[in-house]
Amino acid sequence: ARDAQGHLTGLLVDNAVDLVSSKIPEPTPTEAARLLLQGQQLCLAVGLTSLAAGALFLPSLPSLGGTLIDPARLLEPGADVALKKRLADAGLNAAKAAGATYADVRIGRYLNQYVFTREKQVQSIVSTESYGVGIRVLVDGCWGFASTCQVTPDGLAATARLAVEIAKANRVVQKEPVQLAPQQGYGEVSWKTPIQQSAFEVPIKDKVDLLLSVNAKALDLGVSFINSVLFQVNEQKYFASTDGSYIDQDIHRIWPTFSVTAIDKASGKFRSRQALSVPIGLGYEYLTPKAADKVAGPAGSDIVGYKYSYDMLEDVALAAKQVRQKLTAKSVTPGKYDLVLDPHHLGLTIHESVGHPLELDRVLGYEANYAGTSFATLEWKAKGLPYGSKVVNIVADKTQMNTLGAVGYDDEGVK
């Protein structure tokens, strides 16, 4: 890549494909969806059931993140609780009538908006909606599952009967019957993320202005490149089961983030620094800085952490300074050191070494994909082997307010 004066920047940009894509018209959403489905069929035909697209964002493909919608639709209310209960009962009753000993219904409406910017440009603004139902049943100790986007009483009843048929077909390969732990129903209950302002209520212009002002500050302070993004999510989830639970939840999440890059043109070296924000269970109030939410770094450093509010402009100013310092920083002298992991890094470490291995599907041997299986099997547990050092304590708490995973009831309908 070269800068505005034609000098080499040191960045290797793989953009040869642009020579082809610039000559091909952009597909319409309908064409893109058709091509995606065609590609899925070709993959399935040769046994591929999952794919990963590294470092790619494909907002124009509705099937990946829902249907592209007008941003105004993000503010429209979904189905009311009474309607969702009638729909759920249609599925539960049909499942029991078809022979299921247990059934649960999940009605989900998922709303997303992403705002992408780079330097002085807005790259993309994407709003999506995904709406549908999943029904799970247990027949003679065997699971069956089916889903539909026909969110009507007849649609749910037909889907429930299909799930039962799939469960019966699955009995051929069932090694031992599934036995569920006893679970008392909660009746009709609800839970909502405690937010002050939905991010969807904030005009898009205000969000764009914020991100571009962040970019401008970074450029003014000498960085070579910056991109900034605002992710906003609202999950409207309804869970009902034959145990007697009817759980309605309204979950909100937000994540403002950026990445700055500085280049030493003389040497060709470049260094980057990411935002110190976190994806969090809050509304747009997260972007209103509060002094009480700042966490000072080690003595003598200019590092600042953030808790329940985030100062994006302050963080990008520090990032611009620190990324330029990294260009001239000495390499670490080889040796033995005490290591303190940054929370962002530690979170990833826990995610990979604890989160994935303890996924129940992997523990029970139900799932094995490109991420592997799990060493943490029931047999491993029976041997009493330690998971790690005795001084390591890890607690998973989905009831801790404002965290990314905070909910009132989990996906199994358990409080």
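A: In sorting lining residues by class, Ala, Val, Leu, Ile, Met, Phe, Trp, Tyr, Cys and Pro count as nonpolar, Asp, Glu, Lys and Arg as charged, and the others, Gly among them, as polar. The model is predicted, with local features needing pLDDT of at least 70 and side-chain atom pairs pLDDT 80 or more, while totals for chains, interfaces and linings use all residues. Residues are numbered from 1 along each chain as its sequence is written, and side-chain values use heavy atoms, without hydrogens and water.

The structure holds 2 cavities of 30 Å³ or more, a cavity being a set of points on a 1 Å grid where a 1.4 Å probe fits but cannot get out, and its lining the residues with an atom within 4 Å of a point.

The second largest cavity, with a volume of about 40 Å³, is lined by Ile195, Gln197, Ser198, Ala199, Phe200, Gln232, Val233, His252, Arg253, Ile254, Leu282 and Gly283. Two or more of these lining residues come from each of β6 (225-241) and β7 (245-263), and β7 gives the most, with 3 residues; strands are DSSP runs of E with at least two residues, numbered from the N terminus. By class, this lining has 6 nonpolar, 5 polar and 1 charged residues.

The largest cavity has a volume of about 60 Å³, and around it lie Gly78, Ala79, Lys84, Ile107, Gly108, Arg109, Tyr131 and Gln236. Strand β2 (residues 102-118) supplies the largest share of that lining, 3 residues, and the classes in the lining of the largest cavity are 3 nonpolar, 3 polar and 2 charged.

Technical notes: On a 1 Å grid over the protein atoms alone, a cavity is a set of points where a 1.4 Å probe fits but cannot get out, and a pocket is an open set with protein on both sides within 12 Å along at least five of seven lines; lining residues have an atom within 4 Å of a point. Grid points are joined across faces, edges and corners, and a volume is the space filled by probe spheres set on the points. Helices (H or I, at least four residues) and strands (E, at least two) are DSSP runs, numbered from the N terminus.
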